[in-house]
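Here's a quick walk through how this model is put together. Keep the structure open as you read, and take the pieces one at a time.

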2 protein chains.
Amino acid sequence: MKERLSLYDTTLRDGQQTQGVQFSSDEKREIAAALDALGVDYIEGGWPGANPTDSAFFDNAPKTRARMTAFGMTKRPGMSADNDDVLAAVMNAGTQSVCLVGKTHDFHVQTALGIDLEENIGLLSDSIRHLTAKGREAIFDAEHFFDGYKANPAYALRCLKAAHDAGARWIVLCDTNGGTLPHEVGHITGEVIAAGLPGDHLGIHTHNDTENAVACALAAVDAGARQIQGTLNGLGERCGNANLTALIPILLLKEPYASRFETGVTMAALAGLTRTSRMLDEILNRVPHKQAGFVGSSAFAHKAGLHASAIAKDPTTYEHIDPALVGNARVVPMSNQAGQSNLRKRLVEAGLQVDKGDPALGLILDEVKARETEGYSYDTAQASFELLARAALGRMPDLFEVKRYRVTVERRKNKYNKMVSLSEAVVVVKVDGEKRLSVSESMDETGSDRGPVNALSKALSKDLGQYSAMLEDMRLVDFKVRITQGGTEAVTRVIIDSEDGQGHRWSTVGVSANIVDASFEALLDAIRWKLIRDLKP
Amino acid sequence: MKERLSLYDTTLRDGQQTQGVQFSSDEKREIAAALDALGVDYIEGGWPGANPTDSAFFDNAPKTRARMTAFGMTKRPGMSADNDDVLAAVMNAGTQSVCLVGKTHDFHVQTALGIDLEENIGLLSDSIRHLTAKGREAIFDAEHFFDGYKANPAYALRCLKAAHDAGARWIVLCDTNGGTLPHEVGHITGEVIAAGLPGDHLGIHTHNDTENAVACALAAVDAGARQIQGTLNGLGERCGNANLTALIPILLLKEPYASRFETGVTMAALAGLTRTSRMLDEILNRVPHKQAGFVGSSAFAHKAGLHASAIAKDPTTYEHIDPALVGNARVVPMSNQAGQSNLRKRLVEAGLQVDKGDPALGLILDEVKARETEGYSYDTAQASFELLARAALGRMPDLFEVKRYRVTVERRKNKYNKMVSLSEAVVVVKVDGEKRLSVSESMDETGSDRGPVNALSKALSKDLGQYSAMLEDMRLVDFKVRITQGGTEAVTRVIIDSEDGQGHRWSTVGVSANIVDASFEALLDAIRWKLIRDLKP
């Protein structure tokens with residue numbers, strides 16, 4: 001019989017304290033639905049009354065299987081719980097569970113609240129009793145608990161006991177400032193239980209200021225706590241909260257947790273974890289963190305040559321779990337450290353069957369190596385890699401040839417005496433034996449200048465004969481530039497991401513000391529790849 | 001008497017396994033110098049012979065106080081250590097310390113190496129003996145040690161003992177796949193010591209696949225290991241290695257480590273940690289991770305209203321350490337009093353004395369805010385910030401005015417039928433009441449095209465009247481481009497680093513949807529800043 005471990009998500013409350021993060025109430029609803037599908041037990045939706053978004057969210061809170069929880073603080077000094085309008089706003093959200101934060105560190109009671117220690121115990125006890133009297137499930141967030149315990153253990157414990165005696169279902173030990181290390185969290189949690197507070201009423205809330213938030217949460221569970229608070233993707237104040245996106249797979253897949261505990265997350269839901277993590281980044285318009293544990297796009301990327309060749313024999317040689325369990329995928333990038341075995345695999349993925357031992361494999365590796373020395377990088381630019389391989393294999397169709405181009409950027413005053421820029425590009429191509437000249441400028445629909453690369457892109461695709469129609473559903477979605485070393489000189493590397501109407505997304509690379517040339521090269525590759533895809537029988 | 005803890009940095013070797021990371025040998029030298037200044041004990045420079053960059057680095061390795069270490073693998077089966085050319089390349093780098101990775105997990109010996117268990121012990125023992133016989137300090141990286149120990153503890157321990165008996169100074173327990181949790185690392189490290197391997201010969205090498213790499217390293221130290229391997233900013237294969245940027249401040253500032261251990265890192269060096277972390281991101285042209293522990297720009301940002309007001313009373317209420325200890329800074333909402341005092345400090349650093357309460361302070365803050373919304377960033381571009389402040393304070397001298405410019409990039413076949421590019425720039429300025437036209441092209445001394453920004457830079461400084469002479473000792477040393485969000489549109493942010501003959505180095509920023517415009521704006525600021533510096537009485 002497994003023990004139940006409760007998962008309490010605070011993405012919508014503490015997660016919103018991340019610098020630069022501000023959810024709308026619709027976004028909160030979307031995230032709540034994803035959390036519910038994942039299987040957490042509690043969703044802390046926000047602080048009703050503290051800001052218009054949180055109030056609007058609770059006015060129309062989604063129906064969830066998880067307990068929707070309103071967050072607030074214990075009643076203020078000098079008034080009864082019934083008369084505290086801040087607490088009343090929290091209660092009025094009407095959630096079954098309510099979480100109130102209160103002080104347990106003597107220094108904070110005296111410095112931040114400015115009241116005496118006994119009064120603080122009275123007000124947290126009254127606040128919790130107020131919740132239970134109204135039939136709510138009461139959760140007490142013991143702010144600064146670990147710092148408080150180190151400063152004055154007897155007082156910190158008295159605060160917890162007061163909340164427990166007042167009927168709190170969960171008492172959550174918070175490492176608010178994030179400075180407590182795992183061994184201390186484990187040790188102090190053990191002492192709390194030894195002092196008579198039952199572990200199955202204790203929760204843990206940690207922050208990542210020392211990059212130990214996940215370990216601290218595990219240490220508390222090891223010591224007997226049975227609720228974990230955290231956020232998706234580790235969002236949160238300062239360095240973030242304990243990352244549920246890492247904790248959930250640990251609890252389900254790693255020992256002793258997997259055998260000992262059960263949570264509300266099923267293995268089927270776990271397989272949606274990577275998608276859920278990326279969805280949150282989409283909502284926040286953030287670039288997903290590549291190196292995130294379990295769900296990052298690099299989490300199962302094998303760059304070292306020795307690793308990549310062993311992986312080909314048996315994936316368990318260099319993978320701690322099967323990436324499919326969390327909905328992630330193995331990546332064997334092309335790089336100058338990769339060997340022939342993962343090259344063949346890459347080629348197969350690009351639809352190019354090549355026999356083992358084919359001398360072209362060696363040619364391709366040499367070409368990749370030589371180009372990487374010049375500053376190219378094929379880790380992400382898979383489409384350019386495919387074109388390079390096709391050329392080496394003699395499987396590159398003749399499409400068109402660029403004879404020359406010219407692009408001009410001009411900045412001067414317009415008739416209103418305002419400085420404005422305009423770029424104009426002329427591209428000359430030979431297609432189907434015919435020479436074609438195209439000219440385009442960089443103005444978008446709003447009359448803004450989008451620069452020389454935009455003008456070149458338009459001119460290049462404007463008149464490619466039979467191919468122009470195929471390029472109509474293609475668009476540039478990202479453009480990345482970095483200065484790198486090519487041989488002895490600094491060169492510019494441009495990576496372009498493109499998309500089409502059929503759901504393809506591909507990356508191409510160009511390198512040159514001239515940033516416009518580098519961009520043009522990546523553009524050309526992007527167009528060629530698209531044409532090859534569309535020409536396929 | 002404190003115990004010595006050894007810090008072994010592998011940013012230049014395992015850090016290079018990060019997806020998308022490829023250092024040049026010059027960049028390696030720059031990073032090695034920063035690591036040496038920080039005070040690590042070992043710098044693992046790479047694998048000589050494995051790729052041209054690493055070989056070039058060791059051919060001309062920098063002189064460091066830290067021990068420069070070459071990495072390689074134990075000799076291959078079926079040949080003697082003397083006859084193994086891979087091992088010979090490692091030895092030929094001539095470093096005092098050499099680190100060899102070898103197998104300790106029976107499954108890997110049999111599956112990946114395909115040899116029997118006894119043979120593996122022989123070859124790792126021979127390899128270590130080969131190092132010590134040649135007078136080198138030998139370090140043994142026990143690959144997959146924790147997985148190996150769980151599968152076959154007796155065999156894994158025999159491997160360690162063989163390396164120890166052969167004279168290895170350090171035996172490093174590696175959690176190669178990153179799946180081992182802190183409690184297991186602590187427990188197994190304890191058993192290794194109990195089995196007779198001395199803790200002061202044991203190191204720990206962990207990966208962040210479960211987001212526990214820092215905690216695992218600490219657990220091994222708690223159990224008795226005395227060397228930590230890690231990387232700056234947690235670079236490394238898959239999810240990265242143990243992050244020294246977090247571990248170093250923990251070891252110096254947190255108990256029991258601070259009282260119990262000493263490392264080669266001084267408190268003065270610790271105060272340079274944030275700068276070192278950002279420098280690495282600059283080299284990699286990565287956006288620094290805001291939520292990184294200790295050094296992230298959000299690590300001491302107080303967004304919650306309750307936190308910010310308590311911080312104003314006493315910073316220890318919501319900060320686990322003083323941010324200045326690691327060279328970081330507190331971030332509080334710009335609007336309040338603390339925002340203005342920070343600003344005054346920055347102005348003084350730029351040589352601009354401004355009285356407390358001067359209304360210009362509010363104007364500057366508003367201007368910075370508005371520009372940051374457009375995509376500007378003044379974190380590094382101090383020179384552009386100074387120019388912005390000068391303008392707001394009415395302390396910006398009239399220098400020259402750019403009336404217009406035009407730059408053309410042309411690519412076509414030359415007379416040898418080879419595609420070549422050339423850029424040509426015309427800049428029109430008004431200086432000392434006189435209009436001047438200059439034209440330059442982008443060819444360097446070797447006849448290579450350096451692109452449109454180079455042509456613009458030359459044309460702009462070519463004929464600035466009295467100022468041209470002052471620009472003779474100025475040169476562009478770095479150029480960084482990032483696509484970022486400006487309002488609702490993607491824009492290009494260009495940061496230019498410049499240097500002059502007097503030892504100044506300064507950074508300027510330009511933002512536009514047009515990459516050439518953004519570059520020109522940053523160029524203009526660079527020239528203006530230089531002229532103001534040289535015109536100073």
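## Where the chains meet

In this predicted model, the contact draws on 83 residues from chain A and 81 residues from chain B.

## A strand pair across the chains

So how do the two E11 strands line up, parallel or antiparallel? E11(A) and strand E11 of chain B (residues 401–413) pair in the antiparallel sense, over seven bridges. As a reminder, strands of a sheet pair through backbone hydrogen bonds, either parallel or antiparallel.

## The barrel in chain B

Now over to chain B, where eight strands form a closed barrel in the order E2-E3-E4-E5-E6-E7-E8-E9, with parallel pairing. From one strand to the next, the twist averages 25°.

Take one pair from it: strand E6 (residues 137–143) and strand E7 (residues 170–174) of chain B run parallel and share four bridges. Here B:Ala142 stands opposite B:Leu173 in E7(B).

## Helices on the sheet

Helix H2 of chain B (residues 52–59) packs on the sheet and touches strands E3 (42–46) and E4 (67–73) of chain B. The direction of H2 makes about 130° with that of E3(B).

Helix H3 of chain B (residues 85–92) packs on the sheet too, touching E4 and strand E5 (97–103) of chain B. Its direction makes about 175° with that of E4(B).

Note on methods
Residues numbered from 1 in each chain as written. Chains lettered and ligands numbered in written order. Predicted model: local features only at pLDDT ≥ 70, side-chain atom pairs only at ≥ 80, totals over all residues. Pairing = 2+ DSSP bridges. Axes fitted to C-alpha atoms, helices over the stretch in contact; angles between N-to-C directions. Contact = placed C-beta atoms within 7 Å.
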